[in-house]
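Subject: Structure handover

Hello,

Here is the structure I promised to pass on. Please open it first, then read my notes below.

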Amino acid sequence: MSTVTTGKDTRTTDTLDFVAPKADELAALLVGHSRPPRPGALSASMTFGWRAMLKIKHVPEQLFDVTAFPIMMVLMYTYLFGGALAGSVSSYIQFLLPGILVMSVVMITMYTGVSVNTDIEKGVFDRFRTLPIWRPAPMVGYLLGDVVRYLIASAVMLTVGMIIGYRAAGGAVGMLLGVVLLLVFSFSFSWIWTMFGLLLRSEKSVMGVSMMVIFPLTFLSNVFVDPKTMPGWLQAFVNNNPVTHLATAVRELMAGNWPAADIAWTLGWSAVLVGVFGAVTMRLYNRK
């Protein structure tokens, strides 16, 4: 027994058998039931993906780059180069649309790095790191949310292309396979921008560096013309460019063919991008 005197009051307390409850037991007592299980990797990633979609809901202007931008790209390049390169718009659109689809979606991926950098500057990731979740979940969630944006851009561009005369010999199945391959590559390619989003100190820096990387890859490819018309030294780069392999694979799939070599190259590049830049991204994220 122990006696505690406070002012005029004297209280007697029994401290012999007192044992402080553990954190889990205390939490259970406070909420009235056991602590919920820790979310799995897929569940946590999907939650952060839904967060990315909610950001679009509250700021719908973010959809301009996957609606207005793709429409502008299709119409501008088709009518600008169609007559000069193929003799007519209807002829050129058959070659151009799969390539410009690849180019537009790949270029849109750079905004992932801007979003990551913005959240870091606001201190959002400091709170994410305190959560008992799978560590890569916030990053994977960003990319899953952006896959929906890429799908919207693909649907918009294919619709506009068919309105102005594009016809896929491979039908709906060929177009679906081409879009799926494009989404897989774009998801993998986006890890480059998450790395830049963590590495660079401002969103303007992320945009500037992203442009320096993405413009040579997309324009020095077979998106607009056949590489056979290019100088030999340039053909060597273009023919080994991952965007060229992707554009060829998407073009052939939509034409009803099965370009096994280009599909394999595209999937191989995708695996390398995730393996290298995904690992660097998570290292930077854990040390940020």
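Thr 109 counts as buried, at 0% relative accessibility. Buried means under 20% relative accessible area, exposed over 50%, and partly exposed in between, with a 1.4 Å probe and protein chains only.

Before the rest, some ground rules. This is a predicted model, in which local features need pLDDT of at least 70, side-chain atom pairs count only at pLDDT 80 or more, and totals for chains, interfaces and linings use all residues. Residues are numbered from 1 along each chain as its sequence is written, and side-chain values use heavy atoms, with hydrogens and water left out.

Back to Thr 109. It sits in the loop between H4 and helix H5 (111-122). Helices (H or I, at least four residues) and strands (E, at least two) are DSSP runs, numbered from the N terminus. Leaving aside neighbours within four places in sequence, Thr 109 is in contact (heavy atoms within 4.5 Å) with Tyr 150, Ser 186, Phe 189, Ser 190, Trp 193 and Ile 214.

Next, helix H4 itself. H4 covers residues 89-108 and bends by about 45° at Leu 96. That bend is the angle between axes fitted to the seven residues ending there and the seven starting there. A proline, Pro 98, follows within four residues. H4 is mostly covered, with 15 of its 20 residues buried.

Ile 93 belongs to H4. Ile 93 is buried, with a relative accessible area of 0%. Beyond its neighbours within four places in sequence, the contacts of Ile 93 include Val 74, Pro 98 and Tyr 166. Ile 93 and Met 162 are 69 residues apart in sequence, yet 9.2 Å apart in space, C-alpha to C-alpha.

Val 225 lies in the loop between helix H9 (203-219) and helix H10 (232-239). Val 225 is partly exposed, at 27% relative accessible area. Setting aside neighbours within four places in sequence, Val 225 is in contact with Leu 85, Phe 95 and Met 230.

Finally, the whole chain. The protein chain has twelve helices and two strands. Of its 288 residues, 43% are buried.

Best wishes
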